[in-house]
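Colleague: I would like to learn how to read the features of a structure one by one. Could you take the general idea in each case, and then the case at hand?

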Amino acid sequence: MTQAVDTTPAWQQDLDAHRQRDGRCPICRTPKRCWPWANANSARIIAQMMTGPVSVPRG
């Protein structure tokens with residue numbers, strides 16, 4: 001049996017991991033948005049500019 005390869009971009013994984021919960025980042029514990037989230041969001045914007053919109057599943 002072979003394992004599935006995760007093709008999710010790193011920026012998308014970071015956006016999900018650092019998404020606010022109860023007004024704070026669950027990893028950094030900073031109020032509002034943290035720097036890792038901001039960096040991932042800018043990488044998302046650049047990716048959209050280069051390739052067109054990417055569908056991001058909503059959970």
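Predicted model: local features only at pLDDT ≥ 70, side-chain atom pairs only at ≥ 80, totals over all residues.

Colleague: Let us begin with the helices; at what angle do helix 1 and helix 2 pack, and how far apart are their axes?

Modeller: In general, two packed helices are described by the angle between their axes together with the distance between the axes. In this structure, helix 1 and helix 2 pack at an angle of about 140°, and their axes lie 8 Å apart. Helix 1 is therefore oblique to helix 2, since only angles over 145 degrees would count as roughly antiparallel. As for handedness, the crossing in which helix 1 passes helix 2 is left-handed.

Colleague: Which residues make up the largest nonpolar core, and which elements give two or more residues to this core?

Modeller: The largest nonpolar core has seven residues in all, namely Trp11, Leu15, Cys25, Cys34, Trp37, Ala40 and Ala47. The elements that contribute two or more residues to this core are helix 1, which spans 10–17, and helix 2. The largest share, three residues, comes from helix 2.

Colleague: How many salt bridges does a search of the whole structure find, and which side chains meet there?

Modeller: The general idea is that side chains of opposite charge can pair when their charged atoms come close. A search of the whole structure finds one salt bridge, in which the side chains of Arg19 and Asp16 meet at 3.0 Å, taken from N to O. Arg19 counts as partly exposed because its relative accessibility is 39%, and Asp16, at 41% relative accessibility, likewise counts as partly exposed.

Colleague: Finally, is Asn41 buried or exposed, and what does its side chain contact?

Modeller: Asn41 has its place in helix 2, which covers residues 35–51. Because its relative accessibility is 16%, Asn41 counts as buried, the cut-off being under 20%. The side chain of Asn41 is joined to that of Arg44 by a polar contact of 2.9 Å. Along the chain Asn41 and Gln12 are 29 residues apart, while their C-alpha atoms are separated by 8.2 Å.

Notes: Residues numbered from 1 in each chain as written. Heavy atoms only, no water. Helix = DSSP H or I, 4+ residues; strand = E, 2+ residues; numbered from the N terminus. Buried < 20%, exposed > 50% of the residue type's maximum accessible area, 1.4 Å probe, protein only. Polar contact = N/O pair within 3.5 Å; in protein donor to acceptor, adjacent residues only side chain to side chain. Core = buried A, V, L, I, M, F, W, Y, C linked by side-chain atoms within 4.5 Å. Salt bridge = Lys/Arg side-chain N within 4 Å of Asp/Glu carboxyl O. Axes fitted to C-alpha atoms, helices over the stretch in contact; angles between N-to-C directions. Parallel < 35°, antiparallel > 145°, perpendicular 65-115°, else oblique. Left-handed = near helix turned anticlockwise from the far one by under 90°.
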